[in-house]
Amino acid sequence: MSAIIRALNAFASGVQHLFKRRFTFRYPEQKLEFEGEGYLYDPKTQVGISGFKGRHLLHMDKCTGCQLCSLACENIAMAIEMVPIEGQWPRNKKSIFPQIDYGRCVFCGFCVDACPFYALFETNDYELCGYDRRSLVFTPKQLSIPPPKEKGVTVIFDEKKGEAHHG
Ligand code: SF4
Ligand code: SF4
């Protein structure tokens, strides 16, 4: 008897959902729209500005090579290695910059919090797959390229109906 009731409940739930708006979208043609530019940290006020913790963005012109980001990561994931980059870097006498291994990074954001020079942030970029481990290591130059800005799909939460759908 209870099996019949459970089956009827499942059926009723299925019928109910026929009238709810579709939530899924066609990834990768459609992508999720995020609020803000990603996770930021203001060292002056020592306040983190909430946002998605995705691939990092490195402002090479602001980076002094102080290595604080790399030290912050040492006891977490050992994902940052300081590497030399050729060229003239007036603010970075040793010409060393962070390189991040996304095969290790756990996207905690501690390196962003540790940077005193507004040089390292996290972005909304989550598409970080590769065919081998090496392709997950992002050089400072790769990290300095902002992710492309694409119009994404906005998720709308309908509190009255207790459901979410996209526009
Ligand atoms: S976000 Fe990644 S690179 Fe930065 S401290 Fe955390 S694990 Fe290390
Ligand atoms: S990104 Fe920031 S914390 Fe890391 S070396 Fe550059 S200035 Fe220092």
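This report describes a predicted protein model with its ligands, from overall form to single residues.

## Basis of the model

The model is predicted: local features need pLDDT of at least 70, side-chain atom pairs count only at pLDDT 80 or more, and totals for chains, interfaces and linings use all residues. Residues are numbered from 1 along each chain as its sequence is written, while chains are lettered from A and ligands numbered from 1 in the order in which they are written.

## Overall form

The protein contains four helices and nine strands; these are DSSP runs, with helices being H or I of at least four residues and strands E of at least two, numbered from the N terminus. The radius of gyration, taken over C-alpha atoms, is 22 Å, well over the 15 Å that the globule rule gives for 167 residues, so the protein is more spread out than a compact globule. That rule is 2.2 Å times the number of residues to the power 0.38. Along the principal axes, the C-alpha trace spans about 75 × 30 × 30 Å.

Buried residues make up 20% of the 167 residues. A residue is buried if 20 or more other C-beta atoms lie within 10 Å of its own, exposed if 12 or fewer, and partly exposed in between, with C-beta atoms placed from the backbone. Of the contacts with a separation of 6 or more, 68% are between residues 24 or more positions apart; a contact requires C-beta atoms, placed from the backbone, within 7 Å.

Helix α1 (residues 2-18) has 17 residues and reaches 25 Å from its first C-alpha to its last, close to the expected 24 Å. The expected span is 1.5 Å times one less than the number of residues.

Three strands form an open sheet in the order β4-β5-β7, with antiparallel pairing. β4 (80-84) and β7 (137-138) stand at the edges, each with a single partner strand, so one side of each is left without a neighbour in the sheet. Strands pair if DSSP finds at least two bridges between them; five bridges join β4 to β5 (residues 96-101). Pro 84 has Ile 96 in β5 as its bridge partner.

## Ligand surroundings

## Two individual residues

Phe 52 lies in the loop between β2 (47-49) and β3 (56-58). Phe 52 counts as partly exposed because it has 18 C-beta neighbours inside 10 Å. Not counting residues up to four places away in sequence, Phe 52 touches Phe 34, Gly 38, Tyr 39 and Asn 124.

Ala 164 is in strand β9 (residues 163-166) and is partly exposed, with 13 other C-beta atoms within 10 Å. Leaving aside neighbours within four places in sequence, Ala 164 is in contact with Phe 23, Val 155, Ile 156, Phe 157 and Asp 158. The C-alpha atoms of Ala 164 and Val 112 are 32 Å apart.

Technical notes:
Contact = placed C-beta atoms within 7 Å.
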